[in-house]
4 protein chains.
Amino acid sequence: MYAELKREAYEANVALPRHGLINLTFGNASAIDRAKGVFAIKPSGVDYAALTADEMVVVDLDGKTVEGKLRPSSDTPTHRRLFLAFPGVGGVVHTHSTHATAFAQAGKPIPIFGTTHADYFNGPVPVTRKMTAKEIAGAYEWLTGEVIVERFNALDPADFPAVLVNRHAPFTWGPDVAKAVEVSVALECVAQMALSSLQLAPGLAEIEPELLKKHFKRKHGPGAYYGQG
Amino acid sequence: MYAELKREAYEANVALPRHGLINLTFGNASAIDRAKGVFAIKPSGVDYAALTADEMVVVDLDGKTVEGKLRPSSDTPTHRRLFLAFPGVGGVVHTHSTHATAFAQAGKPIPIFGTTHADYFNGPVPVTRKMTAKEIAGAYEWLTGEVIVERFNALDPADFPAVLVNRHAPFTWGPDVAKAVEVSVALECVAQMALSSLQLAPGLAEIEPELLKKHFKRKHGPGAYYGQG
Amino acid sequence: MYAELKREAYEANVALPRHGLINLTFGNASAIDRAKGVFAIKPSGVDYAALTADEMVVVDLDGKTVEGKLRPSSDTPTHRRLFLAFPGVGGVVHTHSTHATAFAQAGKPIPIFGTTHADYFNGPVPVTRKMTAKEIAGAYEWLTGEVIVERFNALDPADFPAVLVNRHAPFTWGPDVAKAVEVSVALECVAQMALSSLQLAPGLAEIEPELLKKHFKRKHGPGAYYGQG
Amino acid sequence: MYAELKREAYEANVALPRHGLINLTFGNASAIDRAKGVFAIKPSGVDYAALTADEMVVVDLDGKTVEGKLRPSSDTPTHRRLFLAFPGVGGVVHTHSTHATAFAQAGKPIPIFGTTHADYFNGPVPVTRKMTAKEIAGAYEWLTGEVIVERFNALDPADFPAVLVNRHAPFTWGPDVAKAVEVSVALECVAQMALSSLQLAPGLAEIEPELLKKHFKRKHGPGAYYGQG
C-alpha cells in the first residue's frame with residue numbers, strides 16, 4: 001500500500017553505506033508522506049546488504065506501525081519528533097559518520113570555515129545540550145528529538161538542515177529524504193575539512209558573514225541560481 | 001569432518017580485509033565448537049585472496065592440530081588461551097586495524113566519548129600491561145593470552161568484547177565469530193572517532209555513566225530492544 | 001558541432017569523482033578551443049553519475065552560451081576569467097578536494113616540503129587574498145577569477161598550475177584539461193602529505209631551492225627528461 | 001628474451017596502485033636476474049592503467065638498455081645503485097605513499113612503536129641525510145642511491161628493507177620484487193600508525209628491545225616460525 005514511500009526510504013537507506021557514511025547498522029533514513037501522515041523507516045538492526053524495500057516499516061505520527069512485519073529502527077521516535085516539529089521536512093537521516101560524530105562526541109558545533117560549508121548550512125552546525133539523567137532514563141529516543149527541537153528554538157531547520165546530538169552523532173533532514181542523504185554527505189565532508197583546517201590554524205576565525213550569505217543564497221531561496229533551477 | 005566450523009571461520013577471516021581491517025596477512029579469526037572442544041583457525045601467513053575454507057586448521061583445546069595440512073596461525077595459542085578463559089566466547093578475531101593499533105602501540109585504553117562506543121563496550125576499551133622480557137622469551141603467544149586474561153581479572157568479557165594488547169594490536173570476541181568480526185569493525189570505528197575527538201578537545205571527559213548504561217543496555221542483556229530480538 | 005571539445009571536457013569531469021576529488025556536485029572542469037574562442041564546461045548542479053558528454057555547455061569568451069540546453073556551471077565566469085588571463089592554459093579544473101580545501105579555508109599556502117610537490121609546482125601553492133564584501137556582492141564568480149589573476153601578478157601560471165581561493169577551494173589548470181585533472185590529483189596528494197609532515201614537525205622548513213629546481217626542471221621546460229618526451 | 005623477468009616486474013608495478021600506494025605515475029618497481037646481470041623496470045611516465053608487461057625496459061648493471069623501446073624510469077640509476085650495493089636484493093620498489101612520504105619530507109625516521117613494525121623492520125625505518133647542492137646538480141638519481149648506500153654503512157639491508165630518502169619518499173626492497181611490494185604496503189601502514197600513536201602520546205618511547213627482537217625473529221632468520229616455511 002505504501003510501496004512508493006517504502007521505495008524512497010529504501011533507496012536513501014542503501015545510499016548511506018555506499019557513500020561511506022555508515023558502518024554495520026549505525027544509521028537509518030526515513031521518508032514521510034505528509035498527506036497520509038505516515039513515514040517509512042528502516043527496520044532495526046537489519047544489515048544493509050540484506051535489506052529490501054519491502055522490509056521498510058511504515059509508522060504513523062502517533063508512533064503506531066501501520067505496515068511491516070519487522071520492528072522499526074530504535075531511533076523511530078526521534079524521527080517522529082522531528083517530523084512533528086519541522087513541517088517542511090520530508091526526510092530524516094541519522095548516521096554515525098566519522099568526523100561529524102567526532103564533533104558530536106566533543107560537544108562542539110562544526111565551525112564554518114569555507115564555502116563548502118556555506119553551500120549547505122547558514123552558519124556553524126549546531127550541537128544540542130547534553131541530555132539529563134532523567135531524560136536518558138525516560139522516553140530516551142523521543143527526548144533525543146526533544147533536545148534537537150529545543151536547540152532549534154531560534155533556528156530555522158531550512159537554514160540548518162543538520163544537528164549534532166551531544167555525545168551521540170548527527171541527524172540531517174531536507175524537503176525529501178534524497179536531499180537529507182545529500183546533506184549527510186556534505187556534513188561529513190565539511191566536518192573533516194574543519195578538523196584539518198583547525199589542525200593547520202588553531203583558533204581559525206569563521207567565514208566572513210557576507211561570503212556565508214552569498215554562498216548560502218546561491219543555492220537556497222528565491223534568488224538561488226545554482227543548478228538547473 | 002569439521003566442514004561447518006571451518007566454513008564459519010573462513011567466512012570471518014575473509015570478511016576482515018573486506019572491511020578494511022587487515023592489510024597483507026596481519027590478522028586471523030577463529031570459531032570454536034564447544035561440544036567437540038575444537039576450534040578452526042586461519043593457517044599461518046596465507047594470503048587472504050588465495051585462502052579456502054578447506055585450508056582452515058582445526059585445533060583442540062590442548063593445542064593439537066586435529067584436522068588440516070597447514071600450520072595454524074602463529075597466534076593460535078592466544079586464541080586457545082582466550083577460549084579456555086572465557087567460556088561464553090564462540091569466536092575470536094585478531095587484527096592490526098590502523099587506529100585501534102595506534103592506541104595499543106601508545107599503551108592507552110580507548111576512552112569512551114559517545115554512544116557509538118557505548119553500543120558495543122561497557123566502558124573504555126582496556127589495554128593490557130606490557131609483557132615482561134621473561135614472558136616474551138617464553139611461550140610468547142600463550143602468555144599474550146595470559147596478560148589478556150589477567151587484565152580481565154575484574155572485567156566481564158561480555159561487557160568488554162575487545163582488548164588492546166600493549167605495543168601490539170587488538171583482539172575481539174563474541175558469542176560467535178561473526179559477532180567478533182562485527183566488534184572489530186566497531187572497534188576500529190570508535191578508535192578513529194576517539195582520536196579525532198581528542199584532536200578537537202584535548203582532555204575531553206568521558207561519557208556520562210547514565211548514557212553509557214542506556215546505550216549498552218539497549219543492545220545487551222534482558223532489557224535489550226535494539227534489532228529484531 | 002563541438003563534439004570533440006565536449007567529449008574532452010566530459011572525460012575530465014567524470015575523472016574527478018573517480019579520483020576521489022569530488023563529492024556530490026562540488027566541482028567542474030572545462031576545456032577550451034583557442035582557435036574557435038569557446039570552451040566546454042559542466043552544466044550546473046548535474047549529478048556526475050548521470051552526466052553525458054552531450055550535456056556539456058559550450059560558452060564563448062564573452063560568456064555567451066553557444067551550444068547546450070542546460071545552464072552552465074555557476075563557476076563559469078571564473079573559468080572564463082582564467083582562460084582570458086592565462087593564454088597558455090587549455091583546461092581548468094575546480095574541486096573541493098578535502099586537504100587542499102582545508103588549506104584554502106585556513107587561508108594558508110601549501111608549503112613545499114618534498115619532491116612530490118616539486119614535481120608539479122615551482123614553490124608553495126599560492127593562496128589568494130580574501131575577497132572584499134563589495135566583490136562578493138558584485139559579479140562574484142568573475143571577481144573570484146580576478147583575485148586569482150591578481151595573485152598571479154608576479155607568478156607564471158605554468159610554474160604554479162594551481163591556486164587556493166581563500167575560504168573557498170582550489171582551481172588548477174594545464175595545457176589541456178587532462179593535465180589540469182592530473183594537477184588536481186597531485187595537489188590533493190601534496191596537501192595531505194604537507195599536513196601530515198607539519199603534524200610530525202611543526203615549523204618544518206621548506207625544501208632546499210636546488211632540490212626544488214632539480215625536480216621541477218626534470219618534468220618541465222627544455223631540459224626535462226621525465227616521461228617518454 | 002626476458003619475458004619472465006618483465007612479467008615479474010610488471011606484476012609488481014601494477015600491484016602498487018591496487019594497494020593504494022601510488023597516485024598517477026609516482027613510483028616504480030624493478031626485478032633483477034642476477035645470473036644475467038640485468039633488471040626489468042617500469043618505463044618512465046607511463047600510466048599504470050595502460051601499462052603492459054611487454055613495455056618493461058630491461059637494463060644491465062652498467063645502465064645500458066638491453067631490451068625495450070621506451071625510456072626506462074628516471075629513477076633507474078637509483079635502482080641500479082641499490083642492486084649493485086645490496087647483493088641479496090632481488091627487487092626494488094619506489095613509491096610516494098602518503099604517510100611514509102610525510103616522514104621522509106620531515107626528515108624523520110619512522111619510530112618503532114609496535115609489533116606490526118617489528119614484524120618487518122629490525123628497528124626504526126632509517127632516513128638518509130639531505131643531498132648536497134653538488135649531488136643534486138650532478139648525477140642526481142645515481143647519487144640518490146649513493147646516499148642510501150651511505151646510510152646503510154652500518155646497517156644490514158635484510159634487517160631494514162626500506163629507507164626514507166630525505167625530502168623525497170621511500171624505497172623498499174626484498175629477496176624478490178613481490179616481497180618488496182609487500183614491504184611497501186607494511187611501511188605505509190606502520191607510518192600511518194606511528195603518526196597516530198604520536199598524536200595520542202607525544203614523545204612516546206619506542207618498543208622494548210626484547211619485543212622487537214622476538215617479532216622480527218618470528219619472521220626472519222633460522223628460528224622463524226611464521227608462515228608455512
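Modeller: Before we start, copies here are superposed by least squares on the C-alpha atoms of residues with pLDDT of at least 70 in both. This is a predicted model, where local features need pLDDT of at least 70, side-chain atom pairs count only at pLDDT 80 or more, and totals for chains, interfaces and linings use all residues. Residues are numbered from 1 along each chain as its sequence is written, chains are lettered from A and ligands numbered from 1 in the order in which they are written, and side-chain values use heavy atoms, leaving out hydrogens and water.

Colleague: OK, what kind of axis relates chain B to chain A?

Modeller: Chain B can be laid on chain A with an RMSD of 0.0 Å, using a turn of 90° and a shift of 0.0 Å along the axis. The two copies are thus related as by a four-fold rotation axis.

Colleague: And which residue of chain B comes closest to the rotation axis?

Modeller: Go by C-alpha position here. At 5.8 Å from the axis, the closest residue of chain B is B:Gln199.

Colleague: On to chains D and C: how much area do they bury between them?

Modeller: Buried area is the accessible area (1.4 Å probe) that two parts lose on being put together, summed over both. Carbon and sulfur atoms carry 56% of it here. The total for chain D and chain C is about 2900 Å².

Colleague: Which residue does D:Arg167 form a salt bridge with?

Modeller: A salt bridge means a side-chain nitrogen of Lys or Arg within 4 Å of a carboxyl oxygen of Asp or Glu. There are four between chain D and chain C. For D:Arg167 the closest N and O atoms are 3.2 Å apart, and the partner is C:Glu208.

Colleague: Is D:Glu141 buried or exposed?

Modeller: Leaving aside neighbours within four places in sequence, D:Glu141 is in contact (heavy atoms within 4.5 Å) with residues including C:Arg218, C:Tyr225 and D:Ser74. Buried means under 20% relative accessible area, exposed over 50%, and partly exposed in between (1.4 Å probe, protein chains only). With a relative accessible area of 7%, D:Glu141 is buried.
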